[in-house]
2 protein chains.
Amino acid sequence: MKRIKVSNNVIRRLPRYLRKLDELKAGGVSRISSFNLGQQLGLTPSQIRQDFSCFGEFGQQGYGYNVAALRDEIALILGMDRGFRAILIGVGNIGHALMDNFCFSDWGFTLAAAFDIDPEIVGKRNKGVAVRSMDELLDYLRENRVDVAVLTVPKEAASAVAKLLIDNGVGAIWNFTNVELTEPNSRTIVENVHFSDSLLSLSYFVAERLDEEAAQAARAERRAGM
Amino acid sequence: MKRIKVSNNVIRRLPRYLRKLDELKAGGVSRISSFNLGQQLGLTPSQIRQDFSCFGEFGQQGYGYNVAALRDEIALILGMDRGFRAILIGVGNIGHALMDNFCFSDWGFTLAAAFDIDPEIVGKRNKGVAVRSMDELLDYLRENRVDVAVLTVPKEAASAVAKLLIDNGVGAIWNFTNVELTEPNSRTIVENVHFSDSLLSLSYFVAERLDEEAAQAARAERRAGM
């Protein structure tokens, strides 16, 4: 695929487009205008057209987008057809939850292996994926291509494990540890999961509504006092 | 606080600003220009100025922003001073991980209670928070103000528990269940956590790099063949 440099904000919107299109498809919608799509996503039609124009011509002027075709295009752009191989490191609470409930394959990934230090967990299988000992990780990395390592180890172990992954050519780290992984000259891509970003947006919306309600109550009181 | 209607995209950037400013503050930076802040966040200076202008005048032309003051302003805008009360429902893997590792208080929240159906967990304390029986939830909701319910129950239970929360006036649901919670006429705000959005962005970056490397290799081959 030929790629132009696309802004980070556009890239971050692609998964949201994909989810919305999946939802529309499941709901039996086969065509949608940029206006309607925008309304459902809180974006302007022109922003949507501009986002998609980074990747070619998708819609037809006046006819809108074919939902299924656009969905498949976005899946390709996101690399969901590449068969990326993931491993998971640290089968604690978060690691366990991801193995149990997160459908890697829905997003084009194969979860190929998991690693932990706890002898009680090592050797067990979880949704078809065997948990291996951390002692085997280095050999595994040398023998297998790993596109993404899901890092769900405790904070204290994060930096050391990340260094091992980076030194052994892992393509990317999906970092759940809340530890900033800084390896300046590394080619490994790091994606941090920040739960707090989501909670703080929610906090904003709750605060906004409380303020609105307080303002309404104050107006009603003034009116009653007139 | 007087609020104007701010676009969803601006609101979603606020937590990122906060994190960056916390990082700068910890690194001893006391002042930063919109240009430098933009560079570190992958945003243009004008976008940053525009974002902040939604909330008043923060910077001083030519002097940049005071990092600590801007951080505190954004914290206020996000409602981090409101003392929001959260409860957590479903102490499975994800719920447990959040209770263990997520510092609610860092973001202005008090985690006041947790609920589960498993008698083996009920009655235990986790980081000072007691796990109560689901049987107590309804009474708890009637007797206590709950600003945010963290929903970490299994998929199958998601809709029924959400309905209970909504019917009993919970302000917002932080939804980790991957189940679309649709209660059209409810005033409860829902914030969905989509791990897949983060993984798919990562997928994009990995695919992009592979394409770049392939293009480079092809160019090198052509050059060698000349």
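This is a predicted model: local features need pLDDT of at least 70, side-chain atom pairs count only at pLDDT 80 or more; totals for chains, interfaces and linings use all residues.
Two strands count as paired here if DSSP finds at least two bridges between them.

**Entry 1: a bridge in chain B**

I began at Val150(B) and asked which residue is its bridge partner in strand 8 of chain B. The partner turned out to be Trp174(B). I then looked at the strands around that bridge. Strand 7 (residues 148–151) and strand 8 (residues 172–175) of chain B run parallel, and 4 bridges join them. That clears the cut-off of at least two bridges.

Next I wanted to know what packs on this sheet. Helix 5 (residues 93–101) of chain B does, and it touches strand 3, strand 4 (109–116), strand 5, strand 6 (129–133) and strand 7 of chain B. The direction of helix 5 makes about 140 degrees with that of strand 3 of chain B.

A helix of the other chain turned up here too. Helix 8 of chain A lies across strand 3 (84–89), strand 7, strand 8 and strand 9 of chain B. Helix 8 of chain A runs at about 170 degrees to strand 9 of chain B.

**Entry 2: the whole sheet of chain B**

I traced the strand order and got 5-6-4-3-7-8-9, an open sheet of 7 strands with mixed pairing. Which strands stand at the edges? They are strand 5 (125–126) and strand 9 of chain B; each has a single partner strand, so one side of each is left without a neighbour in the sheet.

Asn192(B) has its place in strand 9 (residues 189–192) of chain B. Is Asn192(B) buried or partly exposed? It counts as partly exposed because it has 18 C-beta neighbours inside 10 Å, and buried would take 20 or more. I also noted a distance: Asn192(B) and Leu181(B) are 11 residues apart in sequence and 8.9 Å apart in space, C-alpha to C-alpha.

**Entry 3: the sheet of chain A**

I turned to chain A and read off its open sheet: 7 strands in the order 5-6-4-3-7-8-9, with mixed pairing. Strand 5 (125–126) and strand 9 of chain A are the edge strands, each pairing on one side only.

Arg125(A) has Ala130(A) as its bridge partner in strand 6 of chain A.

Then I checked the helices on this sheet. Helix 7 (residues 155–167) of chain A packs on it and touches strand 3 (84–89), strand 7 (148–151) and strand 8 of chain A. Helix 7 points at about 170 degrees to the direction of strand 7 of chain A. From the other chain, helix 8 (residues 195–225) of chain B packs on the sheet as well, touching strand 3, strand 7, strand 8 and strand 9 of chain A. The direction of helix 8 of chain B makes about 170 degrees with that of strand 9 of chain A.

**Entry 4: where the chains meet**

I looked up the extent of the contact: 50 residues of chain A are in contact with 50 residues of chain B. On the chain A side, the elements giving two or more residues are helix 1 (8–26), helix 5 (93–101), strand 8 (172–175), strand 9 (189–192) and helix 8 (195–225). Which element gives the most? Helix 8 of chain A does, with 16 residues. By class, the chain A side divides into 26 nonpolar, 12 polar and 12 charged residues.

**Entry 5: a helix pair in chain B**

Helix 2 (residues 34–41) and helix 3 (residues 45–53) of chain B pack at about 105 degrees, with their axes 8 Å apart. That makes the two helices of chain B roughly perpendicular. Helix 2 brings Ser34(B), Phe35(B), Leu37(B) and Gly38(B) to the contact, and helix 3 brings Pro45(B), Ile48(B) and Arg49(B). I sorted these residues into 4 nonpolar, 2 polar and 1 charged.

**Entry 6: Leu43(A)**

Leu43(A) lies in the loop between helix 2 (34–41) and helix 3 (45–53) of chain A. Leu43(A) counts as buried because it has 20 C-beta neighbours inside 10 Å. Leaving out residues up to four places away in sequence, Leu43(A) touches Gly38(A) and Ile48(A).

**Entry 7: chain A overall**

I counted 8 helices and 9 strands in chain A. Its radius of gyration is 22 Å, well over the 17 Å that the globule rule gives for 226 residues, so chain A is more spread out than a compact globule. Buried residues make up 35% of the 226 residues.

Technical notes: Residues are numbered from 1 along each chain as its sequence is written. Chains are lettered from A and ligands numbered from 1 in the order in which they are written. Axes are lines fitted to C-alpha atoms, for helices over the stretch in contact, and angles run from 0 to 180 degrees between N-to-C directions. Angles under 35 degrees count as roughly parallel, over 145 as roughly antiparallel, 65 to 115 as roughly perpendicular and the rest as oblique. Two residues are in contact if their C-beta atoms, placed from the backbone, lie within 7 Å. Ala, Val, Leu, Ile, Met, Phe, Trp, Tyr, Cys and Pro count as nonpolar, Asp, Glu, Lys and Arg as charged, and the others, Gly among them, as polar. A residue is buried if 20 or more other C-beta atoms lie within 10 Å of its own, exposed if 12 or fewer, and partly exposed in between; C-beta atoms are placed from the backbone. The radius of gyration is taken over C-alpha atoms; the globule rule is 2.2 Å times the number of residues to the power 0.38.
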